[in-house]
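Please keep the sequence and the coordinates open while reading.

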Amino acid sequence: MRNVTGEQFAQVDNPDPFAAPVWRSPVYRTPELVIWIVRLIRLLGRVTWFALRHPLLDVTTGVVLLIWLNAGWLGLIALACFTLATLTGLRIWRPDWFARLVSVPARRRWRRWCYMRRWHGVMTIARLAPLYRGQIVFPLLDRVDVTGCTDRVRVKLVSGQSPADFADRADSLAHGFGALLCRIRSASPGALVLEFVRRDALAEPMSALPILPDADLRALPVGRREDGAPFLARLHGTHLLIAGATGAGKGSYVWSLVRAMLPLLLAGLVQVWACDPKLMELAFGRALFERHGRYAANPADIANLLEDAVADMQARALRFAGRQRDHQPTTDFPFIVIMVDEIAFLTAYQADRKLKDRTLAALATLTTQGRAVGYCVVAALQDPRKEVLNIRNLFPDKIALRLDEPAQVDMVLGDGARDRGAACDEISANPAIGAGVGFVRLETSPDPVRVRAAFVSDDDIRAMVTTSADQERGGAA
Ligand SMILES: Nc1ncnc2c1ncn2[C@@H]1O[C@H](COP(=O)(O)OP(=O)(O)OP(=O)(O)O)[C@@H](O)[C@H]1O
Ligand SMILES: [Mg+2]
């Protein structure tokens with residue numbers, strides 16, 4: 001046995017009664033002077049390290065000290081006035097610079113300090129600080145990024161932890177840090193981002209967006225994202241499925257898209273072929289669609305319209321075969337958007353089996369072959385189950401609005417979307433708060449992003465119809 005010459009030795013305090021005992025090293029009495037010297041050296045080391053890591057603070061302290069030594073308090077007051085005036089001037093002259101250089105870094109530091117203050121307490125109580133060899137190990141709070149309504153907190157995980165551990169504790173984290181909601185975003189191996197929603201940026205309905213003359217089919221402004229950026233939807237080279245329970249606000253997406261494309265409709269570069277089996281949504285703009293496309297409401301007419309679209313599309317494909325792989329809209333060969341409101345009326349609830357099969361076949365052909373020749377299908381759907389729409393996977397882009405059940409979220413946005421924060425079943429059924437709110441998966445990230453479409457009112461639609469009628473009259477005169 002080894003001889004122990006220290007004063008005492010004891011077992012490390014471990015609350016787990018089944019853990020193997022871990023023994024402290026023997027204790028040796030150190031002279032008090034040595035302790036003070038070591039502490040002093042440590043303090044000096046820390047101060048030097050801090051000074052090295054904060055050069056801006058060093059320069060500022062140096063300048064303040066110099067002025068104080070040379071000009072006393074008056075000099076310091078003059079310096080404060082000068083700084084205030086400079087910042088105010090910058091705020092007025094270049095608000096973007098002011099945000100980048102002053103307000104955003106200051107808010108970032110302030111928010112980081114707020115998280116730091118509660119970090120150990122919340123992590124311990126949420127059981128995210130595991131014990132390792134009798135020691136509590138905390139995940140590391142890394143940088144904090146602040147957007148209008150959300151804070152993105154980067155965390156370095158303790159080895160052996162996974163984002164799923166944090167996802168299970170998302171509610172505790174949100175309450176612990178005083179946020180409305182906490183979403184877990186993946187970052188890199190060993191790290192994750194906690195996204196704390198401090199204020200619902202999408203709580204207020206948005207009125208219809210202004211019509212921009214240079215509309216781009218790859219980025220049509222439809223509404224706003226939660227981080228304050230515009231939500232831009234792509235129609236070129238894709239098909240879009242908008243799923244949401246009744247009253248979820250699918251209409252506002254359909255109309256916001258039409259509104260964003262209006263200049264292209266007027267220029268003859270885009271046509272909208274509207275299928276309106278419910279006779280409620282698109283009927284309002286019937287005159288617009290008949291002028292710049294087509295309109296059909298009863299199921300037989302819709303089947304004919306879709307089959308015409310297939311025939312046109314195939315003729316176009318024959319013409320362009322081997323010559324171009326990507327369609328550029330021209331007045332001879334415009335981009336055709338087939339808008340279908342409540343697609344389930346045609347594919348699932350249609351009693352006439354023949355009609356149903358014709359419609360489904362046409363839709364499947366358009367969605368599989370239309371992309372490269374300038375045909376895009378935009379469909380609205382209440383119930384996303386496979387029995388209702390078995391071709392839902394033929395739509396590359398999807399928007400999920402309020403849904404009745406959590407399981408429906410993954411049916412629309414793909415596996416794991418609900419776990420990654422797309423809580424469509426929790427969107428408010430109150431139209432003022434929740435209508436038009438939904439989640440999308442953008443190309444850049446697997447994490448769903450919360451968005452809200454602008455609300456295009458009946459008056460806005462009437463104004464759009466009038467604009468197109470005026471243009472036609474102007475052209476005829
Ligand atoms: N983006 C929005 N912002 C605010 N309110 C909206 C928005 N979109 C819709 N609403 C409100 O919600 C109501 C229902 O919207 P909408 O008719 O578009 O729902 P829907 O999803 O098409 O429902 P359904 O499937 O029954 O046709 C609208 O009458 C409107 O008052
Ligand atoms: Mg509708």
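Strands S5 and S6 pair in the antiparallel sense over six bridges. Two strands are said to pair if DSSP finds at least two bridges between them; strands (E, at least two residues) and helices (H or I, at least four residues) are DSSP runs numbered from the N terminus. Within this pair, Arg-183 has Glu-195 in S6 as its bridge partner.

This is a predicted model, in which local features need pLDDT of at least 70 and side-chain atom pairs count only at pLDDT 80 or more, while totals for chains, interfaces and linings use all residues. Residues are numbered from 1 along each chain as its sequence is written, and chains are lettered from A and ligands numbered from 1 in the order in which they are written.

S5 and S6 belong to an open sheet of four strands with the order S3-S4-S6-S5 and antiparallel pairing. S3 and S5 (181-186) stand at its edges with a single partner strand each, so one side of each has no neighbour in the sheet. From one strand to the next the twist averages 25°, where angles run from 0 to 180 degrees between N-to-C directions and axes are lines fitted to C-alpha atoms, for helices over the stretch in contact. Helix H3 (residues 95-125) packs on this sheet and touches S3 and S4, its direction making about 145° with that of S3. Contact between two residues requires their C-beta atoms, placed from the backbone, to lie within 7 Å.

The other pairings of this sheet can be followed strand by strand. S3 (residues 140-146) and S4 (residues 150-156) are antiparallel and share five bridges, with Leu-141 opposite Val-155 in S4.

A second open sheet has 10 strands in the order S8-S7-S16-S15-S14-S9-S13-S12-S10-S11, with mixed pairing. Its edges are S8 (230-233) and S11 (293-296); each has a single partner strand, so one side of each is left without a neighbour in the sheet. Neighbouring strands here are turned by 25° against each other on average, direction ignored. Strands of a sheet pair through backbone hydrogen bonds, either parallel or antiparallel.

The antiparallel sense occurs around S15 (residues 437-441). S14 (residues 397-400) pairs with S15 in this sense over two bridges, with Ile-399 opposite Val-440. S15 also pairs with S16 in the antiparallel sense, over five bridges, and there Arg-441 stands opposite Pro-448. How is S15 covered on its two faces? Val-437, Phe-439 and Arg-441 on one side and Gly-438 and Val-440 on the other are all buried. A residue counts as buried if 20 or more other C-beta atoms lie within 10 Å of its own, as exposed if 12 or fewer do, and as partly exposed in between, with C-beta atoms placed from the backbone.

Next comes a pair of helices. H8 (residues 299-320) and H10 (residues 353-369) pack at an angle of about 30°, and their axes are 9 Å apart. Among the residues that meet are Leu-306, Val-310 and Met-313 in H8 and Leu-355, Ala-362 and Leu-366 in H10. By class, this contact has 13 nonpolar, three polar and two charged residues; Ala, Val, Leu, Ile, Met, Phe, Trp, Tyr, Cys and Pro count as nonpolar, Asp, Glu, Lys and Arg as charged, and the others, Gly among them, as polar.

Ligand 1 is surrounded by 16 residues, of which Gly-249, Gly-251, Ser-252, Ala-435 and Gly-436 are the closest; a residue is near the ligand if its C-beta atom, placed from the backbone, lies within 6 Å of it. Helix H6 (250-266) and strand S16 (448-453) are the elements that give two or more residues to this shell, and H6 gives the most, with three. The shell divides into six nonpolar, eight polar and two charged residues.

The last stop is Ile-461, in helix H13 (residues 458-476). Ile-461 is partly exposed because 19 other C-beta atoms lie within 10 Å. Leaving aside neighbours within four places in sequence, Ile-461 is in contact with Trp-255, Phe-284, Gly-285 and Val-456.
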